[in-house]
Amino acid sequence: MSDPKLPGEEKSIDKPVMDPEASPKAGVEREDAQPDPELTPAIIEAPKPIAVKKGMWGSGTGDTSGYGRIVKPVEWPAPSAPPYGSWFDGVHDRLAALVADPFIKVVLDRGELTFHIPRAKLVEVMQALRDDAQLRFEFCASVSGVHYPQAAGEELHVVYHLQSMTHNRRLRVETSCPEADAHVPSIVAVYPAADWHEREAWDMFGIIFDGHPHLTRILMPDDWVGHPQRKDYPLGGIPIEYKGTTVPPVDQRRSY
Amino acid sequence: MSAQHTDYYAAPGEETEGTVYTAMGGGDWGDIASEQAERGDETLVINMGPQHPSTHGVLRLMVECDGETVQSIRPGIGFLHTGIEKNMEYRSWTQGTTFVTRMDYVAPIFNEVAYCLAVERLLGIEDQVPERASDIRVLMMELNRIASHLVAIGTGGMEIGALTVMTIGFREREMILDFFEAVTGLRMNHAYVRPGGVANDLPETGIAQLRDVIAWLDKHIPEYAAFCNENPIFKGRMCGIGVQDLSACFALGVTGPVLRSTGYAWDLRKQQPYCGYENYDFDVITWDTSDAYGRFRVRLDEMWESLKIVKQATDRLEASTGQPVMIDDPKIAWPATLAVGPDGQGNSHEHIKHIMGESMEALIHHFKLVTEGFRVPAGQAYVPIESPKGEIACHVVSDGGTKPFRCHLRDPGFNHLQSVPIQCEGGMLADVVVAIGSLDPVMGGVDR
């Protein structure tokens, strides 16, 4: 479509644009979804199974099917090594130049780039991602918590979805903390948009965002006990009796 | 209410400090008013909502007022929290559409599309979704965008006293909802968009009904411009209200018409096309006033752009009649050739004949799909699309199982409500209603 844009090329966004045609045409091609097809990033370490599923019918059920000995490890997409292709290398190298040793791992999966960052470096990384002209991820779209009970020492993850409107790129930054020490620095000072999202992650997952101006519950009532979206928090529900048989609540049904 | 210094509710021996307000005693209003007027330094804390007709559902606003001037305002949300995200973790991937459609119930198709695109990216089947399915998605989304903007304009108008704008808005929306009912079976809560395609093709009379809807909208959308654009009361209430400039939009994660009203032509349909939007001819609407009036004008003009897309989609669908609307992968595709039987149920006789009489393999696939669901390879995906309110996105995490490990919907209204203080503080109390109406939050999506 338009001329290829290099990282660091400036686009002015402080002047209002009257004519849609004159607006910044930052990479009309969907850069985030189209990595270089020629290039398959090298996998630097074998995927680590985070859980193992056995049998056909989940655990706790009588399995007469003969498939009870099936063992299926659950593997996350493996970390990848450079080069990543497309604009990914530019962002990766620039961030590595600005912040000392920022990555735990880098995962390029399904055309989406994820930087796994130690929580101690989170604010520094975010500040660099927002302010540097070659990075310019000026927009924090979403923050979501994820609870991985099997991942010992990093049970709670916080996932930030950044958008660079200047360069039309999307980037995911992920950090983690152990359940026993559920502290992650707040990025509200860098991205005010994260304010309510961090409150939601605290409310739902019990992740404490240090430095947040007002970390209170946002969706649940103020006096609620527990953090509902943790995996060990039950969904609730009662068994339903229908025509002589009982249908268990949904979280106690057979899972595959 | 009267002000005095005796606190009737104080515990024995408790000292009372300052003025005590009670409902006892009554008194002459003039005396009360003059008494209050002498104490001009005092501010009044008002709780607006959650049950308030102009808060678009159950939004609570804690307002601190000095006279009629808002000194500080803080939104409180969560009154419509139903745990949809948690519930989805216990249902299959296909059942997930039934849940997400209930989030932002004014624009349900967008929730479904965002979710399904995310699941499709995890499955790696983005390229295999049939073109006709994408065209139907675009058609439904754009009609839904018009319906959502009609609600935004209509209820926004009603809140400032322009009741006719609401009545005609709901009249047009009804035509669109009738079409939705003909296609999906329901006016809302459609669960129509499914991973891999859509639940069903358009009905036989679908295109004809669609042409009627287009003709109706062509005739009636100009009425809003005629009613509102130069209406002095409308402009008096809207111009210069709820001002939020571009940098504030960026900082607070504000997208959609609010962002475009600052003059920045950011629209994900153009910037990061999905569902084949790059094949459609339409413009991104902007305005340069950054206020409630600008947002109204952006929405108004966007309805025309959506109608342009609807017309193009109609032509494309007419040309592709008979093509599949569900992915050609028996391990993922739910039956998508449903028919409404005499009992009102939507079985597909062709499909039943096929699985019961012709193909054992198909029967196994059907059984596995419906009882167990399909498996999605482990990983995560985040897919944003442009909803009428702004960027709606779905972040899904799979652990390789038949159920979402985690599903988070980024609703634009959730971010937009963060900007209520910046838009309202220092303004008049009555303008709070206008500013919130111009943000167009839907609490079902905000609270999820």
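Residues are numbered from 1 along each chain as its sequence is written, and chains are lettered from A in the order in which they are written. Because the model is predicted, local features need pLDDT of at least 70 and side-chain atom pairs count only at pLDDT 80 or more, while totals for chains, interfaces and linings use all residues.

**Exercise 1. State where confidence in chain B is lowest and where it is highest.**

Step 1. Recall that pLDDT is the predictor's confidence in each residue, from 0 to 100.
Step 2. For chain B, the mean pLDDT is 86, and 92% of the residues reach 70 or more.
Step 3. Confidence is lowest in strand β1 (residues 2-4) of chain B, with a mean of 51, and highest in helix α4 (residues 108-123) of chain B, at 93. Helices (H or I, at least four residues) and strands (E, at least two) are DSSP runs, numbered from the N terminus.
Step 4. Where pLDDT is low, the predicted coordinates should not be read in detail.

**Exercise 2. Determine whether B:I176 is buried or exposed, and list the residues that it touches.**

Step 1. Locate the residue: B:I176 belongs to helix α6 (residues 163-184) of chain B.
Step 2. Apply the rule: a residue is buried if 20 or more other C-beta atoms, placed from the backbone, lie within 10 Å of its own, exposed if 12 or fewer, and partly exposed in between.
Step 3. B:I176 has 22 C-beta neighbours inside 10 Å and is therefore buried.
Step 4. Contact requires C-beta atoms, placed from the backbone, within 7 Å. Leaving aside residues up to four places away in sequence, B:I176 touches B:L143, B:I146, B:A147 and B:V213.

**Exercise 3. Describe the side of chain B that touches chain A.**

Step 1. Count the residues: 50 residues of chain B are in contact with 43 residues of chain A.
Step 2. Identify the elements: those giving two or more residues to this side of chain B include α4, α10 (246-251), β8 (379-386) and β9 (391-398) of chain B.
Step 3. Sort by class: this side of chain B has 19 nonpolar, 19 polar and 12 charged residues. Ala, Val, Leu, Ile, Met, Phe, Trp, Tyr, Cys and Pro count as nonpolar, Asp, Glu, Lys and Arg as charged, and the others, Gly among them, as polar.
Step 4. For the complex, the predictor gives an ipTM of 0.83 and a pTM of 0.84.

Definitions and conventions
Two residues are in contact if their C-beta atoms, placed from the backbone, lie within 7 Å.
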